[in-house]
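Visitor: I am new to this structure. Could you take me through a single part of it, slowly and in one go?

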Amino acid sequence: ASISERENLIFLSADQMNRGLRLITDHDEKVKVVKLNLMAGKRAMAAAAFLLASKYAKLGISLINELCWKRNYELCLALFNLGAEAQYLIAENHLMVKSLDEIFTHARTFKHKV
(Lines give C-alpha, C1' and ligand atoms only; values in the text may rest on other atoms or scores of the structure.)
Protein backbone atom coordinates (compact mmCIF):
# COMPACT_ATOMS: atom_id res chain seq x y z
CA ALA A 1 0.00 0.00 0.00
CA SER A 2 1.19 3.49 -0.77
CA ILE A 3 1.77 6.10 1.93
CA SER A 4 -1.49 7.90 1.15
CA GLU A 5 -3.42 4.60 1.27
CA ARG A 6 -1.89 3.79 4.68
CA GLU A 7 -2.77 7.26 5.96
CA ASN A 8 -6.35 6.77 4.79
CA LEU A 9 -6.44 3.43 6.59
CA ILE A 10 -5.41 5.15 9.83
CA PHE A 11 -8.32 7.59 9.47
CA LEU A 12 -10.75 4.81 8.54
CA SER A 13 -9.60 2.64 11.45
CA ALA A 14 -9.87 5.50 13.93
CA ASP A 15 -13.31 6.43 12.65
CA GLN A 16 -14.56 2.85 12.95
CA MET A 17 -13.22 2.44 16.48
CA ASN A 18 -14.63 5.82 17.51
CA ARG A 19 -18.10 4.74 16.42
CA GLY A 20 -18.03 2.06 19.10
CA LEU A 21 -16.37 4.03 21.92
CA ARG A 22 -19.20 3.50 24.39
CA LEU A 23 -18.80 -0.27 24.04
CA ILE A 24 -15.13 -0.27 25.04
CA THR A 25 -14.75 -0.90 28.76
CA ASP A 26 -11.34 -2.60 29.02
CA HIS A 27 -8.50 -0.22 29.95
CA ASP A 28 -6.00 -1.80 27.54
CA GLU A 29 -8.47 -1.58 24.67
CA LYS A 30 -9.12 2.07 25.48
CA VAL A 31 -5.37 2.73 25.38
CA LYS A 32 -5.21 1.19 21.89
CA VAL A 33 -8.00 3.48 20.71
CA VAL A 34 -6.31 6.49 22.31
CA LYS A 35 -3.10 5.62 20.43
CA LEU A 36 -5.03 5.27 17.18
CA ASN A 37 -6.67 8.67 17.71
CA LEU A 38 -3.29 10.22 18.49
CA MET A 39 -1.84 8.76 15.29
CA ALA A 40 -4.81 10.00 13.23
CA GLY A 41 -4.62 13.41 14.91
CA LYS A 42 -0.93 13.75 14.10
CA ARG A 43 -1.61 12.83 10.47
CA ALA A 44 -4.40 15.39 10.33
CA MET A 45 -2.10 18.07 11.79
CA ALA A 46 0.56 17.25 9.21
CA ALA A 47 -2.06 17.73 6.49
CA ALA A 48 -3.14 21.08 8.03
CA ALA A 49 -6.56 19.56 8.82
CA PHE A 50 -6.67 21.22 12.24
CA LEU A 51 -10.38 20.74 12.87
CA LEU A 52 -10.01 17.03 12.20
CA ALA A 53 -6.93 16.86 14.43
CA SER A 54 -8.90 18.50 17.22
CA LYS A 55 -11.71 15.97 16.74
CA TYR A 56 -9.32 13.01 17.09
CA ALA A 57 -7.67 14.58 20.13
CA LYS A 58 -11.06 15.16 21.79
CA LEU A 59 -12.15 11.59 21.14
CA GLY A 60 -8.90 10.22 22.55
CA ILE A 61 -9.13 12.53 25.56
CA SER A 62 -12.66 11.30 26.25
CA LEU A 63 -11.15 7.88 27.05
CA ILE A 64 -8.47 9.15 29.44
CA ASN A 65 -8.81 9.07 33.20
CA GLU A 66 -6.43 9.57 36.13
CA LEU A 67 -5.26 5.97 35.87
CA CYS A 68 -4.26 6.51 32.25
CA TRP A 69 -2.02 9.42 33.27
CA LYS A 70 -0.27 7.11 35.74
CA ARG A 71 0.09 4.12 33.42
CA ASN A 72 0.54 5.89 30.08
CA TYR A 73 2.02 9.28 30.91
CA GLU A 74 3.77 9.92 27.57
CA LEU A 75 0.67 8.95 25.61
CA CYS A 76 -1.56 11.27 27.64
CA LEU A 77 0.92 14.11 27.40
CA ALA A 78 1.21 13.73 23.62
CA LEU A 79 -2.56 13.60 23.20
CA PHE A 80 -3.24 16.71 25.29
CA ASN A 81 -0.41 18.58 23.53
CA LEU A 82 -1.92 17.65 20.17
CA GLY A 83 -5.32 18.79 21.39
CA ALA A 84 -4.01 22.10 22.72
CA GLU A 85 -2.14 22.85 19.49
CA ALA A 86 -5.07 21.95 17.22
CA GLN A 87 -7.52 23.86 19.42
CA TYR A 88 -5.27 26.92 19.30
CA LEU A 89 -5.11 26.76 15.51
CA ILE A 90 -8.88 26.62 15.13
CA ALA A 91 -9.50 29.23 17.86
CA GLU A 92 -11.22 26.85 20.33
CA ASN A 93 -9.58 28.78 23.14
CA HIS A 94 -11.78 27.44 25.95
CA LEU A 95 -10.85 23.86 24.99
CA MET A 96 -7.20 24.79 24.55
CA VAL A 97 -7.15 26.18 28.10
CA LYS A 98 -8.73 22.96 29.41
CA SER A 99 -6.08 20.88 27.62
CA LEU A 100 -3.28 23.07 28.97
CA ASP A 101 -4.74 22.89 32.49
CA GLU A 102 -4.72 19.11 32.25
CA ILE A 103 -1.07 19.16 31.15
CA PHE A 104 -0.09 21.53 33.97
CA THR A 105 -1.90 19.35 36.49
CA HIS A 106 -0.21 16.11 35.44
CA ALA A 107 3.15 17.17 33.97
CA ARG A 108 6.04 15.55 35.80
CA THR A 109 8.69 18.03 34.76
CA PHE A 110 8.92 21.74 34.13
CA LYS A 111 9.95 21.00 30.54
CA HIS A 112 6.63 19.24 29.93
CA LYS A 113 4.74 22.27 31.24
CA VAL A 114 6.28 24.67 28.70
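Guide: Let's start at Leu 79, which touches Val 34, Leu 38, Ala 57, Gly 60, Ile 61 and Ile 64, leaving aside residues up to four places away in sequence; contact here means heavy atoms within 4.5 Å. This is a predicted model, where local features need pLDDT of at least 70, side-chain atom pairs count only at pLDDT 80 or more, and totals for chains, interfaces and linings use all residues. Residues are numbered from 1 along each chain as its sequence is written, and side-chain values use heavy atoms, with hydrogens and water left out.

Now to helix H3 (50–61); helices are DSSP runs of H or I with at least four residues, numbered from the N terminus. Its buried residues are Ala 53, Ser 54, Tyr 56, Ala 57 and Gly 60, buried being under 20% relative accessible area with a 1.4 Å probe, protein chains only. Seen down the axis of H3, these residues fall within an arc of 165°, so they line one face of the helix; the arc is that of the directions from the helix axis to the C-beta atoms.

H3 also meets H5: their axes come within 8 Å and cross at roughly 145°. Those axes are lines fitted to C-alpha atoms over the stretch in contact, with angles from 0 to 180 degrees between N-to-C directions. Among the residues making this contact are Ala 57 and Lys 58 of H3, and Leu 79 and Gln 87 of H5.

Finally, Glu 92 sits in the loop between H5 (73–89) and H6 (93–106). Glu 92 counts as buried because its relative accessibility is 18%, and it touches Ser 54, Lys 58 and Gln 87, again without residues up to four places away in sequence.

Key:
Helices (H or I, at least four residues) and strands (E, at least two) are DSSP runs, numbered from the N terminus. Buried means under 20% relative accessible area, exposed over 50%, partly exposed in between (1.4 Å probe, protein chains only).
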